[in-house]
Amino acid sequence: MQGDFSRDTFRPERGYSSVRLQQGRVSVDADWNEQADIQAYLERTALTDVIGASGTPEPGGFGVTVAGDGSLVVGAGRYYVRGILAENVEDRTLPAQPFLPGVPLPTDPGIYYAYLDVQERLVTHLHDALLREVALDGPDTAARKQVVWQVRLERSG
């Protein structure tokens with residue numbers, strides 16, 4: 001991830017459960033970011049411990065079905081991968097996925113496995129102009145992490 005961060009201080013092996021700010025001390029981005037990383041780590045670890053490496057509530061999200069016109073449809077819903085929540089807010093055809101970066105879809109007939117690829121990416125004001133602070137005449141203030149997902153197909157055998 002690229003961003004203007006002073007340093008990345010989170011290390012799970014240290015066992016820290018929170019960051020405690022103190023009066024009269026300098027406040028830096030690394031402390032706030034480490035607190036967010038600790039919370040994400042604890043949440044995702046707990047979800048993985050309870051759900052497993054992947055899973056979905058009933059009825060399952062991201063089911064791939066064949067529509068009447070032969071197109072593949074990715075069903076709406078939620079799915080957890082390594083504790084990260086991926087959410088598809090509406091049924092959509094495979095090529096209409098919101099984070100599909102021009103991946104060619106297979107054209108050869110055959111049997112294919114569908115799998116869900118889930119990642120996080122850093123979003124700055126360069127990607128989303130709404131992150132600029134209009135009250136201060138437009139500077140960027142903070143970046144965001146965004147969960148992106150893609151249903152991909154891989155030919156069997």
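Which residue stands opposite Leu 85 in S5? Tyr 80 does. The model is predicted, so to speak of local features requires pLDDT of at least 70, side-chain atom pairs count only at pLDDT 80 or more, and totals for chains, interfaces and linings use all residues. Residues are numbered from 1 along each chain as its sequence is written, and side-chain values use heavy atoms, with hydrogens and water left out.Strand S4 (residues 77-81) and S5 run antiparallel and are joined by five bridges. Helices (H or I, at least four residues) and strands (E, at least two) are DSSP runs, numbered from the N terminus. Two strands pair if DSSP finds at least two bridges between them. S4 and S5 form a hairpin with two residues between them. Arg 82, in the turn, has a positive phi of about 50°. Three strands make up an open sheet in the order S1-S4-S5, with antiparallel pairing. Strand S1 (54-55) and S5 stand at the edges with a single partner strand each, so one side of each lacks a neighbour in the sheet.

In a regular strand the side chains alternate between the two faces of the sheet. S5 has a covered face, formed by Ile 84, Ala 86 and Asn 88. Its uncovered face holds Leu 85 and Glu 87.

The largest nonpolar core has 12 residues, among them Ile 84, Ala 86, Phe 62, Phe 99 and Trp 149. Strand S5 (84-88), S7 and S8 each give two or more residues to this core. The largest share, three residues, comes from S8. Such a core is a set of buried Ala, Val, Leu, Ile, Met, Phe, Trp, Tyr and Cys residues joined through side-chain atoms within 4.5 Å. Buried means under 20% relative accessible area, exposed over 50%, and partly exposed in between (1.4 Å probe, protein chains only). In soluble globular proteins, nonpolar side chains tend to be buried together.

Val 151 also belongs to the core. Contact means heavy atoms within 4.5 Å.

Gln 97 lies in the loop between strand S6 (92-93) and S7. Gln 97 is buried, at a relative accessible area of 4%. A polar atom of its side chain lies 2.9 Å from the backbone oxygen of Leu 94. A polar atom of the Gln 97 side chain also lies 2.5 Å from the backbone nitrogen of Val 151. Beyond its neighbours within four places in sequence, Gln 97 is in contact with Arg 92, Trp 149, Gln 150 and Val 151.

The structure holds three aromatic pairs. Rings of Phe, Tyr and Trp (its six-membered ring) pair if their centres lie within 6.5 Å; planes under 30 degrees apart count as stacked, over 60 as edge-to-face and the rest as tilted. Phe 10 and Tyr 41 have ring centres 5.6 Å apart and planes at 55°, so this pair is tilted. Phe 10 sits in the segment before helix H1 (29-51) and Tyr 41 in helix H1, 31 residues apart. Phe 10 is buried at 17% relative accessibility, whereas Tyr 41 is partly exposed at 37%. The rings of Phe 62 and Trp 149 have centres 4.8 Å apart and planes at 85°, so this pair is edge-to-face. Phe 62 lies in the loop between S1 and strand S2 (64-66) and Trp 149 in strand S8, 87 residues apart. Phe 62 is buried at 8% relative accessibility, and Trp 149 at 2%. Phe 62, Phe 99 and Trp 149 form one aromatic cluster.

Terms used. A polar contact is a pair of N or O atoms within 3.5 Å; within protein, one must be able to donate a hydrogen and the other to accept it, and residues adjacent in sequence count only if both atoms are side-chain atoms.
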